[in-house]
Amino acid sequence: MRYLADVGTLAAKDLRLELRSRDTVPAMLLFVVATLVVFNFALPAGASAEAAYGLLWAALVFTAILGLTRAFAAEREQRVLEGLVLAPSDRSAIWLGKAIAVVAFLALAEVVALPAFALFFEPVSWELVAAVALATIGFAAVGTLLAAMAAASRARELLLPLLFLPLVIPIVVGGVGASIADDPGRYLGFLALYDLIFAILSWASFEYVVTE
Amino acid sequence: MIAARGLGRSFGAKAVLRDLDLDVAERDLLLVTGPNGSGKSTLLALCAGLLAPTRGELEVSVERGRIGYLAHEPLLYRELTALENLDLYGRLYRVPERRERIGMFLERYGLWEERRERVGTFSRGMQQRLALCRTLLHEPDLLLLDEPYAGLDEEGAELLDGELRALTGTRTLLLATHDPGRVAPLASGRLALA
């Protein structure tokens with residue numbers, strides 16, 4: 001119970017920080033809409049639905065990177081992470097609290113992105129919504145761990161995409177598959193399995209990322 | 001409480017601490033002095049467990065949550081208020097009677113009136129006062145204080161003098177400073193790093 005209370009405290013802190021500063025979510029919203037508008041003009045007339053779904057997933061991945069780049073900005077500014085790491089709570093609670101906040105920020109971006117996608121490109125199916133929901137968990141699980149690693153580095157803006165993009169290729173494969181396949185269940189199952197495996201790995205390894 | 005043998009710490013090719021032997025008993029106050037770059041902050045970060053030694057051994061026989069660490073930076077969120085910052089730490093450090101203790105510290109350090117203001121609007125001295133509240137809130141057994149007087153005005157420095165007098169002999173303290181004169185009478189030992 002204490003663990004969950006710590007997670008709740010840390011997630012609430014991140015949501016409050018974003019409400020105050022409005023540094024991350026507005027930028028993510030603008031970015032995802034702008035990207036879809038650009039893709040709308042970039043895609044040739046008569047292009048396939050498959051191509052449009054592919055572009056949606058590319059937009060979601062880059063929006064996630066934008067959000068994750070700022071995920072530990074407040075902690076980095078005044079080395080607050082050191083204070084959190086010294087607390088007696090399990091250090092994985094820091095990861096879980098931050099990942100919950102990242103899920104919330106991504107979900108807000110997607111609430112805007114999916115209607116915009118429907119407006120410019122193709123209708124949004126329930127399978128696509130389910131795939132995006134599962135992908136959001138995967139992005140947050142892997143991305144929060146990598147964002148913490150990158151935050152300790154001088155070249156953090158470069159490091160995060162370099163580490164994040166290869167690791168989320170399976171999410172893009174699963175997401176695009178679930179969007180266009182006749183049998184999306186198989187791809188949704190794949191995304192759920194990815195979430196499970198990477199959430200456990202990230203949860204278990206976070207302690208080693210924030211300590212030497 | 002703290003024992004180091006041949007302790008060393010390097011950052012890349014640069015050795016900041018070399019071959020340090022150290023013993024700090026419970027309820028001692030060790031004054032750590034030395035010029036910039038001599039490794040005072042590194043030693044405190046090693047004792048806090050935030051850095052790992054690159055050579056030698058270091059044993060700190062106190063649980064992680066029983067350490068109070070005052071760093072150069074206040075370790076506070078600029079976008080949160082003074083009250084919200086202390087409440088966050090109070091929850092994570094499981095401070096009993098959290099609200100009462102937070103109120104007591106804010107009053108003691110002259111920040112009660114500003115408790116609902118964001119830390120980002122505070123002066124350096126006010127941030128240092130709040131950082132001291134954060135450090136002491138959970139009544140730590142081991143206090144690691146890195147330049148605790150930095151940024152404090154005379155009134156704040158006198159408050160800290162009184163706090164240190166009260167803590168001496170009841171807690172273990174490592175205090176790193178450029179200006180040892182103020183604390184020297186309380187110290188049970190002194191480590192001069194070169």
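Student: What share of the contacts in chain A with a separation of 6 or more comes from residues 24 or more positions apart?

Tutor: This is a predicted model, so every value is computed from it. In chain A, 81% of the contacts with a separation of 6 or more are between residues 24 or more positions apart. For chain B, take contacts between residues at least 6 apart in sequence: 73% of them join residues at least 24 apart.

Student: What makes a pair count as a contact here?

Tutor: Two C-beta atoms, placed from the backbone, must lie within 7 Å. Leaving aside its neighbours within four places in sequence, A11(A) is in contact with G97(A), I100(A) and A101(A). Those pairs therefore meet the 7 Å cut-off. W95(A) is 84 residues from A11(A) along the chain, and their C-alpha atoms are separated by 9.5 Å.

Student: Is A11(A) buried or exposed, and why?

Tutor: Buried, because 20 other C-beta atoms lie within 10 Å. The cut-off is 20 or more. A11(A) sits in helix 1 of chain A.

Student: How many residues of chain A carry that label, as a percentage?

Tutor: 43% of its 212 residues count as buried. In chain B, buried residues make up 42% of 194.

Student: How do you know how chain A compares with a compact globule?

Tutor: A compact globule of 212 residues would have a radius near 17 Å; chain A has 17 Å, so the two agree. The C-alpha atoms of chain A fill a box of roughly 55 × 35 × 30 Å along the principal axes. Its secondary structure is 10 helices and zero strands.

Student: What is the make-up of chain B?

Tutor: Chain B has five helices and eight strands. From the N terminus, the order is β-β-β-α-β-β-α-α-α-β-α-β-β. Its radius of gyration is 17 Å, close to the 16 Å the globule rule gives for 194 residues, so chain B is as compact as a globular protein of that length. Its C-alpha box is roughly 45 × 30 × 30 Å along the principal axes.

Student: Which domains does the assignment give for chain B?

Tutor: Domain 1 is 1-62 + 141-194, and domain 2 is 77-138. The C-alpha centres of domain 1 and domain 2 of chain B lie 23 Å apart. Nine residues of domain 1 of chain B are in contact with seven of domain 2 of chain B. On the domain 1 side, helix 5 (residues 154-167) of chain B gives the most, with three residues. That side has six nonpolar, two polar and one charged residues.

Student: How do you know that strand 5 and strand 6 of chain B pair?

Tutor: Count the bridges. Pairing needs at least two. Strand 5 and strand 6 (residues 142-146) of chain B are joined by four, so they qualify. The two strands run parallel. G68(B) stands opposite L143(B) in strand 6 of chain B.

Student: Which way do the residues of strand 5 of chain B point?

Tutor: In strand 5 (residues 67-70) of chain B, I67(B) and Y69(B) point one way, while G68(B) and L70(B) point the other. All are buried.

Student: What makes a group of residues a nonpolar core, and how many residues has the largest?

Tutor: Members must be buried, of the listed nonpolar types, and joined through C-beta atoms within 7 Å. The largest such core has 124 residues. L144(B) and L174(B) have the most contacts inside it. Helix 7 (residues 126-151) of chain A gives the most to this core, with 15 residues. Domain 1 and domain 2 of chain B each supply at least three residues.

Student: Which residues does L174(B) contact, leaving aside its neighbours within four places in sequence?

Tutor: V24(B), L30(B), V32(B), L44(B), C47(B) and L144(B).

Student: How many residues of chain A and chain B are in contact with each other?

Tutor: 21 residues of chain A are in contact with 24 of chain B. Helix 1 (2-21), helix 4 (73-77) and helix 5 (80-86) of chain A each supply at least two residues of the chain A side. Helix 1 of chain A gives the largest share, seven residues.

Student: What is the chain A side made of, by class?

Tutor: It divides into eight nonpolar, five polar and eight charged residues.

Key:
Residues are numbered from 1 along each chain as its sequence is written. Chains are lettered from A and ligands numbered from 1 in the order in which they are written. This is a predicted model: local features need pLDDT of at least 70, side-chain atom pairs count only at pLDDT 80 or more; totals for chains, interfaces and linings use all residues. Domain bounds come from an automatic or database domain assignment. Ala, Val, Leu, Ile, Met, Phe, Trp, Tyr, Cys and Pro count as nonpolar, Asp, Glu, Lys and Arg as charged, and the others, Gly among them, as polar. A residue is buried if 20 or more other C-beta atoms lie within 10 Å of its own, exposed if 12 or fewer, and partly exposed in between; C-beta atoms are placed from the backbone. The radius of gyration is taken over C-alpha atoms; the globule rule is 2.2 Å times the number of residues to the power 0.38.
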